[in-house]
Amino acid sequence: ESPPKQELDSGQDHYVTMPVPIRYLYLFSGPISTLACVFVVYTFIRFRALRRNSGSLVFIIAIADLFLCFHYTMSAILNFAYDNKIVKDSFNCQLTGFIGAVSLFTAIIYNLCLSHHINHVINNPYDDLNRKQRFYHALCGALILGYSIAI
């Protein structure tokens with residue numbers, strides 16, 4: 001026999017809550033991290049020499065981190081704006097959650113590829129690196145697309 005279902009207590013389970021210190025941490029560290037990501041993206045675009053070897057992997061990681069910083073900053077702003085009472089199923093919550101999940105997954109997958117790439121370059125310095133990077137981008141793109149559809 002299963003226990004009876006409990007009623008929601010005063011509707012608090014409908015809200016996404018964030019502790020105040022975390023809100024301030026997200027609010028202040030998000031823009032600082034955003035500036036660092038913009039710097040990486042700018043230097044990648046501006047200086048051709050940085051595009052060689054593993055530069056495209058670092059570029060994609062910076063773009064994913066930029067979206068993740070946007071997610072953290074928007075989460076803090078929305079929590080302040082709605083007085084820590086964001087409805088779980090609201091459009092804002094769903095959108096920022098989707099952006100956060102996909103960008104975090106992208107950053108993790110590309111960091112794994114970058115780690116493998118660095119290990120491969122150390123062990124096989126004369127291998128064709130361009131072909132390997134195309135494989136990384138194809139693999140990561142397929143995984144990210146599948147993950148985006150799944151969530």
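Which residues does Tyr-110 touch, not counting residues up to four places away in sequence? In this predicted model, Tyr-110 touches Leu-57, Ile-60, Ile-61, His-137, Cys-140 and Ile-144. The sections below place these contacts in the fold of the chain.

**Overall architecture**

Four helices and two strands are present in the protein chain. Along the sequence, these elements follow the pattern β-α-α-β-α-α. Of the 151 residues in the protein chain, 29% are buried. When contacts between residues at least 6 apart in sequence are considered, 73% of them join residues at least 24 apart.

**The nonpolar core**

Tyr-110 belongs to the largest nonpolar core, which has 10 residues. The largest contribution is that of α3, with five residues. In soluble globular proteins, nonpolar side chains tend to be buried together.

**Helix packing**

Two packed helices are described by the angle between their axes and the distance between the axes. The table gives these values for two pairs.

| Helix pair | Angle | Axis distance |
|---|---|---|
| α1 (residues 20-46) and α2 | about 155° | 8 Å |
| α3 and α4 | about 155° | 10 Å |

Helices α1 and α2 pack at an angle of about 155°. An angle over 145 degrees counts as roughly antiparallel, and α1 is therefore roughly antiparallel to α2. The crossing of α1 with α2 is left-handed. By class, the contact between α1 and α2 comprises 20 nonpolar, seven polar and two charged residues.

For α3 and α4, the angle is likewise about 155°, so α3 is roughly antiparallel to α4. The crossing of α3 and α4 is right-handed. On the α3 side, the contact is made by Phe-98, Ala-101, Val-102, Phe-105, Thr-106, Ile-109, Tyr-110, Cys-113, His-116, His-117, His-120 and Val-121. On the α4 side, the contributing residues are Leu-129, Lys-132, Gln-133, Tyr-136, His-137, Cys-140, Leu-143, Ile-144, Tyr-147 and Ser-148. The residues of this contact divide into 14 nonpolar, seven polar and one charged.

**Tyr-110 in context**

Definitions and conventions. Residues are numbered from 1 along each chain as its sequence is written. This is a predicted model: local features need pLDDT of at least 70, side-chain atom pairs count only at pLDDT 80 or more; totals for chains, interfaces and linings use all residues. Side-chain values use heavy atoms; hydrogens and water are left out. A nonpolar core is a set of buried Ala, Val, Leu, Ile, Met, Phe, Trp, Tyr and Cys residues joined through side-chain atoms within 4.5 Å. Buried means under 20% relative accessible area, exposed over 50%, partly exposed in between (1.4 Å probe, protein chains only). Contact means heavy atoms within 4.5 Å. Axes are lines fitted to C-alpha atoms, for helices over the stretch in contact, and angles run from 0 to 180 degrees between N-to-C directions. Angles under 35 degrees count as roughly parallel, over 145 as roughly antiparallel, 65 to 115 as roughly perpendicular and the rest as oblique. A crossing is left-handed if the near helix is turned anticlockwise from the far one by less than a right angle, and right-handed if clockwise. Ala, Val, Leu, Ile, Met, Phe, Trp, Tyr, Cys and Pro count as nonpolar, Asp, Glu, Lys and Arg as charged, and the others, Gly among them, as polar.
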